[in-house]
Amino acid sequence: MADFVLKLNDAAIIQQARAAFKEANELFAREALAEIDAKKWDWPNETERSNGSVVGSPRNIVDQGGLKGSYQPDAKPDEYSHTWDADYAAAVALGAVLSDGTTLPARNWTEEPAKNLESNYEQLLEVKLK
Amino acid sequence: MMKAAYLRAKLETLLEFQLGVYVRSDGATAKAIWVGEPNSQWQARGLEVRIAATPSLEVKQVHQGSSLGDTFEVRLISHGKSDLEKAARAVAQTFNASSPQLVPQNDTLGILAQYVFQIKQ
């Protein structure tokens, strides 16, 4: 019979890591939606919005709310996806050249939240493992 | 350090037989590849390539720290008849690029089909 036994089980750590990843993704989503609302995006000219207001630059990315409302999160056991399925979402995020020659600047509302994701996850995990 | 002019020359050679043309206001034509924003009076036909005039800096994780690398945005734009997919494949296979991102064509909104690459030094 052994005098001294040390058993290590990674199940608790993995469970906390998954919980932290879930929370980090939820935080990513909140940050991304806040970016859409933020009046921080450069735009080359003034535009009359659908409510009649005239907006210049910087501005938010909200007109009729189609982009913001098109957000579809999807959570699987080991994977989270964040989808904006408005049919102009990619053109907003990446910028676009239009058939009339206009160039729309890129306004990637997920860029900053994506940069924050790793550090957010680390902080959330650290709290859980204490 | 990679320069935009060098990248332009490489892309022009790579896509030599696929590039469309700019039609200038006087009717003259030139290959549809440009560093920066082309003249708004020019009309592009076929495949157009735009290269960002200035690179963005990307932090690369390397052994014992990080380093900075230049990344150029390259945009392939389809103005009518062009094989955008074939051109995108050629660029992806030739350069150290991130996965190309597609902006789908949307006739209602006037959005042209285009691929955006981030080409790294």
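Helices (H or I, at least four residues) and strands (E, at least two) are DSSP runs, numbered from the N terminus. The model is predicted: local features need pLDDT of at least 70 and side-chain atom pairs count only at pLDDT 80 or more, while totals for chains, interfaces and linings use all residues. Residues are numbered from 1 along each chain as its sequence is written, and chains are lettered from A and ligands numbered from 1 in the order in which they are written.

**View 1. Overall fold of chain B.** Along the sequence, the elements of chain B run α-β-β-β-β-β-β-α-β-β, which comes to 2 helices and 8 strands. The C-alpha trace of chain B spans about 55 × 30 × 25 Å along its principal axes. Of the 121 residues in chain B, 29% are buried. A residue is buried if 20 or more other C-beta atoms lie within 10 Å of its own, exposed if 12 or fewer, and partly exposed in between, with C-beta atoms placed from the backbone. Two residues are in contact if their C-beta atoms, placed from the backbone, lie within 7 Å. Among the contacts in chain B with a separation of 6 or more, 52% are between residues 24 or more positions apart.

View 2. An α-helix has 3.6 residues a turn, so residues three or four places apart point the same way.

**View 3. Surroundings of B:Arg75.** B:Arg75 belongs to strand β6 (residues 65-79) of chain B. This arginine is buried, since 21 other C-beta atoms lie within 10 Å. Leaving aside residues up to four places away in sequence, B:Arg75 touches B:Arg50, B:Gln114 and B:Val116. B:Tyr115 is 40 residues from B:Arg75 in sequence, and their C-alpha atoms are 5.7 Å apart.

**View 4. The contact between chains A and B.** Chain B contributes 14 residues to the contact and chain A contributes 12 residues. On the side of chain B that touches chain A, β7 (101-103) and β8 (114-120) of chain B each supply at least two residues. The most comes from β7(B), with 3 residues. By class, this side of chain B has 8 nonpolar, 5 polar and 1 charged residues. Ala, Val, Leu, Ile, Met, Phe, Trp, Tyr, Cys and Pro count as nonpolar, Asp, Glu, Lys and Arg as charged, and the others, Gly among them, as polar.

**View 5. B:Val103 and the residues around it.** B:Val103 is found in strand β7 of chain B. It is buried, with 25 other C-beta atoms within 10 Å. Not counting residues up to four places away in sequence, B:Val103 touches A:Ala90, A:Ala91, A:Leu94 and A:Ala96 in chain A, and B:Ile111, B:Gln114 and B:Val116 in chain B.

**View 6. Helices α1 and α4 of chain A.** The axes of α1 (residues 11-37) and α4 (residues 111-129) of chain A come within 8 Å and cross at roughly 145°. Axes are lines fitted to C-alpha atoms, for helices over the stretch in contact, and angles run from 0 to 180 degrees between N-to-C directions. The contact residues include A:Ala20, A:Ala24 and A:Phe28 of α1(A) and A:Leu117, A:Tyr121 and A:Leu124 of α4(A). By class, this contact has 14 nonpolar, 3 polar and 5 charged residues. The buried residues of α1(A) are A:Ala20, A:Ala24, A:Phe28 and A:Ala32, and their cover includes β4 (79-84) and α4 of chain A.

**View 7. The cis peptide bond at A:Pro58.** A:Ser57 and A:Pro58 are joined by a cis peptide bond, with omega about 0°. A:Pro58 is in the loop between β2 (54-55) and α2 (66-69) of chain A. Most peptide bonds are trans.
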